[in-house]
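Let's take a quick tour of this protein fold. Have the picture open and follow along.

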Amino acid sequence: MGSLGVDFVSPNEEMELEFDPSALPPFKLSEIRSAIPKHCWVKNPWRSLSYVLRDIVIVFALLAMAIFLDSWKFWPLYWGLQGTMFWALFVLGHDCGHGSFSDSTLLNNVVGHILHSFILVPYHGWRISHKTHHQNHGNVEADESWVPMPEKLYKELDFTTKFFRFKVPFPLLAYPMYLVSRSPGKKGSHFNPYSELFQPNERKFVVTSTLCWTIMVALLFYLNSVVGSLQLLKLYGIPYMGILIINEFSVLKLVIFRGL
Ligand SMILES: [Zn+2]
């Protein structure tokens, strides 16, 4: 209420008041597609690869700077910057999974494996379940990720699951937990080729990605023995946590529905 007894509503608030997120959009998907300029649909693998090269150069440059400076004045800046870069690698791998990186499935899969394995994501396992997520976005029963838990299911959860899912700081580990055992109430794992997430003809893809993930874990164990746990935590572990934080807080407002 303003001093003259008048309610003031900022333009942003006005838009929010008018916006009904549950209403059907006033346009069709085909209209959006036809509004996008033709050249935006042309995939240029060289351009895509240049983004990968740019991001990898930045990641290694930051690593070199952190090792060289080894200063507590620089470490917090490094964690912020490198966490953002790890997220950038995740996004490029995500584009490989969607096939928007290039028209070559082989190139998409090779680059996707390199990028996602580096940040401990099983490329094919996640790619396949992510498709289910997009096909059922916001559907509380059928969406694969980012769905609120019904009260009934929450009450049925055992103590350990509740503790690790909802007690700070454990929710920050929700993403790796999701990769290992999906969301509460759903069975299967992104690492297990026999998980109900996958069709029989997809099992060989899942095995490949789980193998690549295992190689990365082995490399981290090796690096741990070379540089020590604390240095590995500072160089890799904390930036990796950055991906998890971005993943956790990237969805602020979302329409959830059921039974459609
Ligand atoms: Zn996506």
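Start with a spot where two helices touch: in H4, Leu89, Leu92, Gly93, Cys96 and Gly97 meet a set of H5 residues, namely Asn108, Val111, Gly112, Leu115, His116 and Phe118. Keep in mind that you're looking at a predicted model.

**How H4 and H5 pack**
- The axes of H4 and H5 sit 8 Å apart, and the packing angle is about 150 degrees.
- Angles over 145 degrees count as roughly antiparallel, so that's the label for H4 and H5.
- As for handedness, H4 and H5 make a left-handed crossing.

**The largest nonpolar core**
- This core is made up of 21 residues, and Phe86, Leu89 and Phe90 are the ones with the most contacts inside it.
- Now zoom in on Phe86: if you skip its neighbours within four places in sequence, it's in contact with Ile119, Pro239, Tyr240, Gly242 and Ile243.

**H3 and what comes after**
- H3 runs for 25 residues and spans 36 Å from its first C-alpha to its last.
- That span is close to the 36 Å you'd expect at 1.5 Å a residue.
- Just past the end of H3, look for Asp70, which has a positive phi of about 40 degrees.

Terms used:
Residues are numbered from 1 along each chain as its sequence is written. This is a predicted model: local features need pLDDT of at least 70, side-chain atom pairs count only at pLDDT 80 or more; totals for chains, interfaces and linings use all residues. A nonpolar core is a set of buried Ala, Val, Leu, Ile, Met, Phe, Trp, Tyr and Cys residues joined through C-beta atoms within 7 Å. A residue is buried if 20 or more other C-beta atoms lie within 10 Å of its own, exposed if 12 or fewer, and partly exposed in between; C-beta atoms are placed from the backbone. Two residues are in contact if their C-beta atoms, placed from the backbone, lie within 7 Å. Helices (H or I, at least four residues) and strands (E, at least two) are DSSP runs, numbered from the N terminus. The expected span of a helix is 1.5 Å times one less than its number of residues. Axes are lines fitted to C-alpha atoms, for helices over the stretch in contact, and angles run from 0 to 180 degrees between N-to-C directions. Angles under 35 degrees count as roughly parallel, over 145 as roughly antiparallel, 65 to 115 as roughly perpendicular and the rest as oblique. A crossing is left-handed if the near helix is turned anticlockwise from the far one by less than a right angle, and right-handed if clockwise.
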